[in-house]
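Reader: I am new to reading protein models. Could you walk me through this one, a feature at a time?

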Amino acid sequence: MNKRDFLKTISLSSIMIHTSSFSQIDYSKSSPSNKYKYTSPLDIAQEESKNINQSQYEQIIPQNEINFWDKPRYISLHRVSTGERKLINYFSNKQINKQEYWFASYLLRDVEEKTMMYMDLKLLDLICAIQAWIRYYNINPEFQILSGLRTVEHNKRLLKPGKNNESAALNSMHIYGKAIDFYVPQLSVSQIAKIAEIFQAGGIGLYPQRNFIHLDTGRIRKWKN
Ligand SMILES: [Zn+2]
């Protein structure tokens with residue numbers, strides 16, 4: 001499938017493969033539920049590649065990347081308001097790299113309130129999986145982060161009339177370090193949403209008029225504003 005086909009027919013539910021143990025991380029302490037179904041993007045890629053010949057397959061999926069969740073996990077983040085950007089390797093040698101985890105959390109901090117906390121690891125895995133999909137199609141996967149963590153006070157300010165922001169209920173995941181608002185320049189909001197839906201990891205909010213998408217690791221739900 002070339003890039004144009006991918007962007008045109010990005011709905012991939014028919015070729016989803018659910019893996020029961022996608023990660024070696026124990027999320028039970030940081031998240032109220034570990035029941036979410038995740039699908040390794042390279043499992044999907046592998047399934048998709050059954051219709052192409054072996055030489056093409058080797059070209060697009062290096063053999064050493066098939067065990068996706070065992071490999072080092074990278075996320076590429078750019079904090080728009082501060083200009084900070086970093087490629088973060090938060091997981092390698094089958095364990096969390098604490099310094100890099102800190103960097104990820106720092107880039108996703110509440111910039112206005114100068115407050116940070118360790119972000120939900122599952123959110124980082126979701127970012128990692130989505131970016132792997134985007135990178136696979138030779139598109140720069142860097143997330144342009146508009147918002148990550150928000151303090152309760154910051155969140156309240158955004159709810160005042162005229163602010164035209166997300167509702168309180170939807171917003172709450174930001175308070176817990178489980179949500180991001182972002183965009184990817186080469187993809188539309190609905191294209192990113194379709195990739196995110198593959199992973200069934202939580203909430204997906206589309207804000208096409210303001211050109212950003214909200215993702216969180218709370219309850220699975222979807223809305224458009
Ligand atoms: Zn949000």
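**Reading turns, strands and a core**

Author: Happy to. Just after α8, glutamine 200 takes a positive phi of about 45°. Keep in mind that this is a predicted model.

Reader: Where is lysine 114 found, and is lysine 114 buried or exposed?

Author: Lysine 114 sits in the loop between α4 and α5. It counts as exposed because it has 8 C-beta neighbours inside 10 Å, and 12 or fewer is the cut-off for that word.

Reader: Which residue in the turn between β6 and β7 has a positive phi?

Author: That is asparagine 211, with a phi of about 55°. β6 and β7 form a hairpin with 4 residues between them. Asparagine 211 has 12 other C-beta atoms within 10 Å, so it is exposed.

Reader: Now the strands, please. How do the side chains of a strand point?

Author: In a regular strand the side chains alternate between the two faces of the sheet. In β7, Phe212, His214 and Asp216 point one way, while Ile213 and Leu215 point the other way.

Reader: How many of the residues of strand β7 are buried?

Author: The count is 5 of the 5, residues 212–216, so β7 is largely enclosed by the rest of the structure.

Reader: Which strands are joined to β7 by bridges?

Author: Strand β5 (residues 179–183) is joined to β7 by 4 bridges, and the two run antiparallel. Strand β6 (residues 203–207) also has 4 bridges to β7, again antiparallel. To see the pairing residue by residue, find phenylalanine 182, which stands opposite isoleucine 213, and isoleucine 204, which stands opposite leucine 215.

Reader: What does isoleucine 213 touch, beyond residues up to four places away in sequence?

Author: Its contacts include Phe182 and Tyr183, Val189, Ile192 and Ala193, and Gly205, Leu206 and Tyr207. Isoleucine 213 is buried because 25 other C-beta atoms lie within 10 Å.

Reader: Which residues of the largest nonpolar core touch the most other members?

Author: Ala104 and Leu124 do, in a core of 43 residues. The elements giving two or more residues to this core are β1 (73–79), β2 (84–92), α4, α5, β4 (143–147), β5, α8 (189–199) and β7. The largest share, 11 residues, comes from α5. Leaving aside neighbours within four places in sequence, alanine 104 is in contact with Ile75, Leu77, Ile88, Tyr90, Met119 and Leu124.

Reader: Back to the loop between α4 and α5: is aspartate 120 there buried or exposed?

Author: Aspartate 120 is buried, because it has 23 other C-beta atoms within 10 Å, and the cut-off is 20 or more. Lysine 114, in the loop between α4 and α5, is exposed. Aspartate 120 also shows how a chain folds back on itself in numbers: it is 57 residues from glycine 177 in sequence and 5.9 Å from it in space, C-alpha to C-alpha.

How values were computed. Residues are numbered from 1 along each chain as its sequence is written. This is a predicted model: local features need pLDDT of at least 70, side-chain atom pairs count only at pLDDT 80 or more; totals for chains, interfaces and linings use all residues. Two strands pair if DSSP finds at least two bridges between them. A nonpolar core is a set of buried Ala, Val, Leu, Ile, Met, Phe, Trp, Tyr and Cys residues joined through C-beta atoms within 7 Å. Two residues are in contact if their C-beta atoms, placed from the backbone, lie within 7 Å.
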